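This briefing covers selected local features of one structure.

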Amino acid sequence: MTALILVLNGPNLNLLGTREPEIYGKTTLDDIHLLMNKSAAAHGWRLDFRQSNHEGELVDWIQWGRENTDAIIINAGAYTHTSVAILDALRAVDKPIIEVHLSNLFQRETFRHHSYITPAALGLICGFGARGYVLALEALTDVLS
Ligand code: DQA
């Protein structure tokens, strides 16, 4: 069976490319989707790529992923630093979870240094811009094989 990877993007990531490009780069979310599709196809995997500005919708999708996917890659945006609900939802998923951020959280404001997601994740990739999403797929190679 072809592995299915759920890729979740949180609030404001729909604005990538124009939102604070000096921090997040000029690559759009559609560009990231394309880059990931290429890389996933090379591994023989399928992607389900989604973005929402709503915490509850992200929780619903994580619960959906619990039953229907083989792994989750998540950039929860600002909810990373606030959402116990997303942590609890991820903790209920018995699949590999990779946390991604475009920016290096630890070079930024101190409120960004804490992530509610990391305890539920296999690993964290941050600071490599859009490439971090492709690195997250790479990180799943051994895990999914
Ligand atoms: C982000 C970092 C978060 O602190 C911020 O709220 C975002 C984007 C990143 O990808 O670098 O929206 O998750």
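The points below concern a predicted model and are grouped by topic.

**Helix packing**

- Helix α2 spans residues 29–43 and helix α5 spans residues 131–144.
- The two helices pack at an angle of about 20°, and their axes are 9 Å apart.
- Angles under 35 degrees count as roughly parallel, and α2 and α5 are therefore roughly parallel to each other.
- The crossing of α2 past α5 is right-handed.

**Residues in the helix contact**

- On the α2 side, the contact is made by I32, L35, M36, S39, A40 and H43.
- These meet Y133, V134, L137, E138 and T141 of α5.
- Sorted by class, the contact of α2 with α5 comprises 7 nonpolar, 3 polar and 1 charged residues.

- Most residues other than glycine have a negative phi.
- N12 is not a glycine, yet its phi is positive, at about 75°.
- N12 sits in the loop that runs between β1 (4–9) and α1 (21–24).
- With a relative accessible area of 35%, N12 is partly exposed.
- E20, also a residue other than glycine, has a positive phi near 35°.
- The loop between β1 and α1 is where E20 lies.
- E20 has a relative accessible area of 37% and is partly exposed.

How values were computed. Residues numbered from 1 in each chain as written. Predicted model: local features only at pLDDT ≥ 70, side-chain atom pairs only at ≥ 80, totals over all residues. Heavy atoms only, no water. Axes fitted to C-alpha atoms, helices over the stretch in contact; angles between N-to-C directions. Helix = DSSP H or I, 4+ residues; strand = E, 2+ residues; numbered from the N terminus. Parallel < 35°, antiparallel > 145°, perpendicular 65-115°, else oblique. Left-handed = near helix turned anticlockwise from the far one by under 90°. Contact = heavy atoms within 4.5 Å. Nonpolar A, V, L, I, M, F, W, Y, C, P; charged D, E, K, R; others polar. Buried < 20%, exposed > 50% of the residue type's maximum accessible area, 1.4 Å probe, protein only.
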